[in-house]
Amino acid sequence: MRTLYGLVVLLSLAVFLDSKSLRGHGEKDGSAPEDTRSELKGVKQASWRNRFFVREGIGKGQFIGKLHSDDDVGDGSVQYILSGEGNGDVFTINHESGELFTTRSLDREEKAVYSLTFKVVNTLTGQVVEPETEFSVVVLDVNDHAPAFSQDTYVATVPEHSNLGTSVTQVTATDVDVGLNGQIFYSITGEHSYFSVDPTTGVIRSAVGAGDLDREQMENHQVFVKATDMSGQKRGLSSTTVVNITVTDINDNLPRFAQGEYQFSVPESIKPGSTVGRLKATDPDVGKNAEMQFSIIDGDHTGMFEISTDKDTQEGVIIVRKPLDYERKQSYTVLAKVKNQVQTHPMSAGSVDMAQVEISVEDVDEPPVFYKEHYLMEVKEDASVGTTIGFVYAMDTDRPQTPVKYSIDRDTDINHRFDIDEASGTLTVAKSLDREAAAWHNISVIATEASDNPPDNSRVPVYIRIQDINDNPPMMVVESASFVCEGHQTAGQLVQTVTAVDLDEPPNGHKFSFSMAPDEEKTSLFTVQDNGDNTAGILTRQANFDRLSQNVHQVPVVITDGETPMHVSTSTVIVKVCSCKREGHCDSEAESFFGTLGVREYIIIFLALGSILLMVCALVKISCMRMKPTPSVPSGPDTAALALVS
């Protein structure tokens, strides 16, 4: 027990002395906290769970402490055996004296505490005189690492005119050291009055009021933030990062015209939709905040112009909407306004900008202008050559007193049916007209200035309608063949219904009248009945018909059109008599055909057939005579010659 007590005393003394030396370093470097030093002082004699302290970063051979046993009288009869973490490669022990040393430099960030054991054995017998005892070696931290930021460069944005203290972004740095050595303090280096950083959290905030953070004055800011350990003490280690802050735009500026007055000149011949000129305005804002909207607010009551925005250049484009006429108005003065497309911010100052725009109309030598866009005229189809149809009128608006010449575009009047007086524009008939051949004539009249160098001419369409006169007789129309049945007909029976057509077109429509020719009224076997609806019926006047006595009847029908002058025509309806056995229809086409023939026709047919038969017999006889056999010719060398002679 005396030996164990002596070891404890010696070990405690060694630890105490070593802690004394470490304490001096700790007070300087902040590596040995107060509670650690108190533990070094208060080691209990009955406990072997002791701790040794060594600073990191000290090189090889650093003395750590000394182990001692009462059985060690200094004669080398006992030796100390070390085991546990780092034995041999990190720590070594003098087996005779019990002194502990380092074999290399220690790194707390690599390992902070080592657990070890030792025992005391008799050198001669090898018997353990002291049992194994545990102890630990604590590596004290040295401020050997500077803080490290999570990013080399930070990027952030903040709207312009943000209030004082507006959060922009946060930077973060870490330090692998502990205690005071790892406590980080943030600060901004250099002179930068626009932003500040929280020394503890690293939050960057605006350091100026809303009126001072103006994108149009300064858009990009570069802030250097330093992180220092040991709570920012001068002996602390530090690192720096860059924070690039962009001040984003708000619509705090109104657009302004580049000038207060604009002047443009355009020819009166400019077409609607064409550009008159462009209005330039500026806005220091960007993006959608700089998009502009132009409008005319005064001076254009008739809507001659409009302003649109060029999306690419943000210019106001003045466009003419209606035709201009120098003779009516030579200039226009309008008031234009420009504003942003989006709503402006309350920080914007001033009012909507306006500019005066003067547009001068230049005179252009224009062709004559017709009084009407088109002309509609009428003339009767029986009008004689030279009859006046109507007239056209055009005027030179540039010089109203200048005479105008008129002509007809002959491509629209190939047959030269019309003429025009070149001075008065009077249209007359040049050739006879026929409404039934062409009811409308569409011609083009040309007007030119009566000068040596006339400009482009102007044209106008003239539509001439040919009025109808009653110059065509009506013509009968029969829908189908007409026939009566032999022996089966009754008096007053309808044989056929006829109608009529007329090329004329009376204003109130056609009104045809039908009647039997007067010279046939008493002798004909048929009669004509006018139905009063532009149709008539052919009726029988007797009961029975005999096709052998007369198989074809002609019924003359007189048609009048009832117009002035009245036209009359006579048409004949052919009625055939045929044999009907089924439902009142002719038996066959052949019977119907032969049934139409009379006795004279039959005699002619029989004579013709007889003549044909005689001709056939004569031809047969001639053919037979030519086909008589030829005398035989003896064979021999002269056979070919005889054949040729024959």
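**Notebook: strands, cores and a surface patch**

I began with strand β38, residues 513-516, in this predicted model. One face is covered and carries Phe514 and Met516. The other, with Ser513 and Ser515, is uncovered.

Next I looked up the partner of β38. It pairs with strand β41 (residues 552-560) through 4 bridges, and the two run antiparallel.

Then I moved to a loop. Glycine 532 sits between β39 (526-530) and β40 (535-540). Is glycine 532 buried, partly exposed or exposed? I noted a relative accessible area of 45%. Because buried means under 20% and exposed over 50%, glycine 532 counts as partly exposed.

The largest nonpolar core has 24 residues. Which of them touch the most other members? I wrote down Phe257, Leu279, Phe305, Ile318, Leu324 and Val357. Several elements give two or more residues to this core: β18 (261-267), β19 (275-279), β21 (292-298), β22 (305-309), β23 (316-320), β24 (331-340) and β25 (353-362). Another core lies apart from this one; it has 23 residues, including Val379, Tyr406, Val462 and Ile464.

Leaving out residues up to four places away in sequence, its contacts include Phe264, Leu279, Phe305, Val357 and Ile359. Ser274, Thr275 and Glu306 are also among the residues that isoleucine 318 touches.

Tyr371, Phe391, Tyr393 and Met395 make a nonpolar patch of about 490 Å². I looked up Met395 in particular and found it in strand β29, residues 394-395. Its relative accessible area is 33%, so methionine 395 is partly exposed. Why can it join a patch? Patch residues need over 30% relative accessible area, and methionine 395 has 33%.

I counted 5 helices and 44 strands. Of its 646 residues, 39% are buried. The chain exposes about 36,500 Å², with carbon and sulfur atoms supplying 52% of that area. For contacts between residues at least 6 apart in sequence, I noted that 68% join residues at least 24 apart.

Notes: Residues are numbered from 1 along each chain as its sequence is written. This is a predicted model: local features need pLDDT of at least 70, side-chain atom pairs count only at pLDDT 80 or more; totals for chains, interfaces and linings use all residues. Side-chain values use heavy atoms; hydrogens and water are left out. Patches are made of residues with over 30% relative accessible area and no salt bridge: like charges are joined within 9 Å, nonpolar side chains (Val, Leu, Ile, Met, Phe, Trp, Tyr) within 5 Å. Accessible areas come from the Shrake-Rupley method with a 1.4 Å probe; for residues, only the protein chains shown count as cover. A salt bridge is a side-chain nitrogen of Lys or Arg within 4 Å of a carboxyl oxygen of Asp or Glu. Buried means under 20% relative accessible area, exposed over 50%, partly exposed in between (1.4 Å probe, protein chains only). Two strands pair if DSSP finds at least two bridges between them. A nonpolar core is a set of buried Ala, Val, Leu, Ile, Met, Phe, Trp, Tyr and Cys residues joined through side-chain atoms within 4.5 Å. Contact means heavy atoms within 4.5 Å.
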